[in-house]
Amino acid sequence: LNLLLDASESMGFRSLEWSKLDYARWCAAALSHLVLSQRDTVGLVVFDDDWRAKVPPGNGAPQKLSIFRTLEETRAEGPTAAGSAIAKLAPRLKQRGLTAVFSDFFEDVEVVMDGVKRLLHGGHEPILFQVLDPQELDFEFDHLVRFDGLESTGQRKLDPRELREAYLEEIEAHNRELVRAAAGLSVDLVPIRTDQPLDEVIRTYLAHRSARARGGGLG
């Protein structure tokens, strides 16, 4: 299993006690523990607009320690460019097979899918886990909020009620396009909210692993 973790600045957003990056790290740690306990091989790559940290594929207790340490040290920083980063990483992944990508995928869908295509052409089987904070989906602010640009300079105080309708229309359109594009490549896209248990991540991985064992596929 290859684990690709987006640790760009946008993954630092939080409306709960934990950020999207925290949640994604927990998902990666849970899958690592599961796969390594089955004596299979796991590798980890942390990226923003390019790869930032890497734990080469391996197994056993030392591998788990290396992955957990890398996850613990990871911070949300750097520009968001998941698609181009994945495109750069794809040829460097020596272990072919299931590749779980954790990101919010907040960028042009076509660019994201170009990266996914590179994974497919490299013989990988990507599973895209879109990690989103509940406020990014619901936008239920009811008071004046100061919005700090995560990846730009400047601050603005705005009434979120005036923005909610336009924002929800925009993000829903983006997510629909992301789902459609992934389906067009027969790639699973799994939306996960940071206020939900990790069960869906584990179930999706196990379903793919079972399909591979039967010689089939999902999508």
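I call a residue buried when its relative accessible area is under 20%, exposed when it is over 50%, and partly exposed in between (1.4 Å probe, protein chains only). My helices (H or I, at least four residues) and strands (E, at least two) are DSSP runs, numbered from the N terminus.

**Ground rules.** I am working with a predicted model, where local features need pLDDT of at least 70, side-chain atom pairs count only at pLDDT 80 or more, and totals for chains, interfaces and linings use all residues. Residues are numbered from 1 along each chain as its sequence is written, and side-chain values use heavy atoms, with hydrogens and water left out.

**Helix α4.** I started with its buried residues, and found Val-109, Val-112, Met-113, Gly-115, Val-116 and Leu-119.

Next I looked at the two ends. At the start of α4, the backbone nitrogen of Glu-110 has a side-chain oxygen of Asp-108 within 3.0 Å. Just after the helix, Gly-123 has a positive phi of about 85°.

**The sheet.** I then traced the strands, counting two as paired if DSSP finds at least two bridges between them. There are 6 strands in an open sheet, ordered β3-β2-β1-β4-β5-β8, with mixed pairing. β3 (51-58) and β8 (188-193) are at the edges with a single partner strand each, so one side of each has no neighbour in the sheet.

Strand β2 (residues 42-47) pairs with β3 in the antiparallel sense over 5 bridges, and Val-46 stands opposite Ala-53 in β3.

**Helices on the sheet.** For packing, I took contact as heavy atoms within 4.5 Å. For directions, I used lines fitted to C-alpha atoms, for helices over the stretch in contact, with angles from 0 to 180 degrees between N-to-C directions. Helix α3 (residues 82-89) packs on the sheet and touches β1 (2-6), β2, β3 and β4 (98-103), its direction making about 135° with that of β2. α4 lies across β4 and β5 (125-132), at about 150° to β5.

**Helix α3.** How many of the residues of α3 are buried? I found 6 of the 8, so α3 is largely enclosed by the rest of the structure. Among them are Ala-82, Ile-86 and Leu-89. The buried residues of α3 pack against β1, β2, β3, β4 and α4.

How values were computed:
A polar contact is a pair of N or O atoms within 3.5 Å; within protein, one must be able to donate a hydrogen and the other to accept it, and residues adjacent in sequence count only if both atoms are side-chain atoms.
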